[in-house]
Amino acid sequence: MKIKADYSNAPQWKEVTVKSSLPEQLKCLNEIAHNMWWVWNYEARDLFRDLDPELYDEVKHNPVMLLERLSLDRKAEIVKDKALMKRIKDVYALFRNYMDVKPDAKRPSVAYFSMEYGIHSALKIYSGGLGMLAGDYLKEASDSNVNMCAVGFLYRYGYFTQSLSMDGQQVANYEAQNFTSLPIVRQLDENGNPVVVDVPYMNYQVHAYVWRVDVGRIPLYLLDTDNEMNSEFDKPITHALYGGDWENRLKQEILLGIGGMLALKKLGIKKEIYHCNEGHAALCNLQRLVDYIQGGLNFNQALELVRASGLYTCHTPVPAGHDFFDEQLFGKYMGGYADLLGISWDEFIGMGRTNPEDKGEKFSMSTFAINTCQEVNGVSKLHGWVSQKMFAPIWKGYFPEENHVGYVTNGVHFPTWSATEWRKLYGKYFDEKFMSDQSNQKIWEAIYNVPDDEIWATRMALKNKLVDYIKEQFRDTWLRNQGDPSRVLSLLERINPNALIIGFCRRFATYKRAHLLFTDLDRLSKIVNDPERPVQFLFAGKAHPADGAGQGLIKKIYEISQRPEFLGKIIFLEDYDYLLARRLVSGVDIWMNTPTRPLEASGTSGEKAEMNGVVNLSVLDGWWLEGYRKGAGWALTEKRTYQNQAYQDQLDAATIYSLLENEIVPLYYKKNKKGYSEGWIKVIKNSIAQIAPHYTMKRQLDDYYDKFYIKEAKRFKELSANDNRLAKDIAQWKEIVAERWDSIHVVSTENNLPVSPESGVNYNVKIVIDEQGLDDAIGLEFVAIAKNKNGEEYVAEVNPFKVTKREGNLYTFENTLCPAKAGDYRSAVRMYPKNDKLPHRMDFAYVKWIQY
């Protein structure tokens, strides 16, 4: 018999996780590592890096993983290193001094709901701008010491990591997160058991673990359905951000809104304000309605309380960007809620429709959020106006400019996005109160006192840091994916920190117009290949895996970048994430943005650049429409010359080329004997002094309190006092008005208005209304509509009537009209319910138009 050369049975592998232990002297590091405070405190980041620089880069700056992987020998060395141990002690003291401050009880408490949070790349629960904004918001809430908590998801895979194939095709890679190596902790109950939230879905429940991320002083609670208690059908609810079909999206939004509220309830957390960051979280208000109704209130009473404490922030400038669900799908999961609310199914689903009685209209989460929140806002001044127009059909008796939709322009968390080099420079020259008074332009104006040499040295240090980062991080990837090694090495050698470097880094959606720069390749080639004045462009960004057009743009840019005349002059950096973003917003010279107007709701990457002396070149859209100052950056006009978008693109491209050729490049290279352009430094200083102070997250958070939180909390307190007495009274008043509305009618009208009235002449109008037993609950106003030069209607005048007489149910209203300007108008009298306890007209938007 021949003896086999190889024989073995299959191994029965056993999964074992070997946990690292820290010496007693280093255990404080574990406490710091599990609080995201280190993200925006460079003393802590520098400390973790110096524990083991090579390992720190290997674990992508995740201190939890760093501590797990530190060798026993290295731990022993650290304990013996007196200088390093002193630094550990000092950083821990900084951390504890920060954490031990109690929240500011004078400001209303807030629960914040968002589908994503961008706090650090170690925690993959974000995809782009919305998440970065939410993460920055929590950081500033912590720094401002407000009473806030937040709710989101702990995604198993999060958003994808990006690589490019040899032909420039985006490859999306979903990598599972190992939760035990993340800066998070499992939320435990009083008995030390994991907190589980049971969320109703149809006729069964989905069970979610609750994890906690400590963002400084702010707890962020993350729901996780990827556990053995759930079916294979429901485990994936928290697998991927914006993944799956519409049914999975609905399941996610049920979990975020309803599950999020149930989680807070289970944790015993109550807040004064509930803030929906986008419509994804709208169903939190549904659960709040159910809770009030189960507590003894009827639907209308509960709605008063929920609305008074609800805020909806919209980040979307077009209707197509909102989530809509078919009635059949929505009813599959939400069918039982009408009974819980004590209303009909048609009434319930109508709360998510612009036209409640239109059974063909889908259920919109945004419309539901608007109908269950007292306040609504866009995220820049322009986006506020865009949102007013977008949502105007919900309140059919009012014109867009009359509705209550407001705005708070987005900002960025200064300590996170300002490079350490700039933080130190600002600390050296700015007032010591700077960090607590970041919106004070007077403090920022101290930048004019900083020597030009120091500004330039800071800029060059960060440019070199960026170039080094690109060479270190992308060398192996490019060699692996792009074939010819000599070509890759040639590309790396051509990245020049002394060139004018322009960054275009953002999500690759078609409206961002990443293609604009490539409209005239010959002209572009001359710009980038000038040997005396070299210019380089860095592109980065991801396209959604379902967005073929966005992926096509990436491929096109990659292909152009590989042409001989553009090699090393136009570079695409794949996998745009938090770490790469920090390098780019501080390392390039110009931040370029070219969206189709007015589709950029706000944009914040340009604001991050501002904090680092990086100058913006952008279309006047989103935040830049407000932020642009002459001499502090460059702008493409917001005015449209052509209705044909292709022609407009050509014009905008020509404008960019012209600005580069005639202004930007000559100014940058107008260098003095010291090797820098004094004119360029002046633009940097103007940008920092005049723009940066207005776009910090500190200003944004303060705006939310001043515009929304404080007034809502005050009104909610009034409504809920004395067993919700005022809420019940207002609900009853609305019910009576609604019941009698159709029977309220005009008894008589009289006026001395001619067919063609003259401007500057007074005319009298008298109208008698039968209010059907209501007690002075009706208002009248004269409304005149005109058209602007674009043929768009606007409200030219609103002139209220005064009640001059009352006889039983008959109210006499009088008004004196005096046309201010000659012209063509349409006019009518608007009747509306009035009650000084309402926050605004849209709260009870009944309207009847009267001919006079």
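D723 sits in helix α28 of this predicted model. Let's start there, because D723 counts as exposed, with a relative accessible area of 56%. Its backbone is worth a look too: the phi of D723 is near 60 degrees, a positive value in a residue that isn't glycine. Most residues other than glycine have a negative phi.

Where does R513 lie? You'll find R513 in the loop between β15 (500-505) and α21 (521-528). Is R513 buried or exposed? R513 is buried, with a relative accessible area of 1%.

**The whole chain**

Now zoom out. The chain holds 28 helices and 28 strands. Its C-alpha trace spans about 105 × 70 × 65 Å along the principal axes. For 852 residues, a compact globule would have a radius of gyration near 29 Å, and the chain comes in at 30 Å, which agrees. Of those 852 residues, 57% count as buried.

**A helix tucked inside**

Helix α10 (residues 299-308) is largely enclosed by the rest of the structure, because nine of its 10 residues are buried. Among them are F299, A302, L303 and V306. What covers the buried residues of α10? The cover includes α9 (284-294), β10 (310-313), α12 (337-341), α14 (365-372) and α28 (697-740).

L289 lies in α9 and counts as buried, at 0% relative accessibility. Leaving out residues up to four places away in sequence, L289 touches F299, A302, L303, V306, L341 and T372. In an α-helix there are 3.6 residues a turn, so residues three or four places apart point the same way. Keep that in mind when you look at the partners of L289 that include F299, A302, L303 and V306.

**A buried strand residue**

V199 is in strand β6 (residues 196-201) and is buried, with a relative accessible area of 0%. Its contacts, not counting residues up to four places away in sequence, are Y204, Q205, V206, I254, L255, I258, G259 and L262.

| Pair | Apart in sequence | C-alpha to C-alpha distance |
|---|---|---|
| V199 and A263 | 64 residues | 9.2 Å |
| L289 and L341 | 52 residues | 7.2 Å |

**Cysteines without bonds**

How many disulfides turn up in the whole structure? A search finds zero. C276 is buried, with a relative accessible area of 0%, while C818 counts as partly exposed at 32% relative accessibility.

Definitions and conventions: Residues numbered from 1 in each chain as written. Predicted model: local features only at pLDDT ≥ 70, side-chain atom pairs only at ≥ 80, totals over all residues. Heavy atoms only, no water. Helix = DSSP H or I, 4+ residues; strand = E, 2+ residues; numbered from the N terminus. Rg over C-alpha atoms; globule rule 2.2 N^0.38 Å. Buried < 20%, exposed > 50% of the residue type's maximum accessible area, 1.4 Å probe, protein only. Disulfide = S-S within 2.5 Å. Contact = heavy atoms within 4.5 Å.
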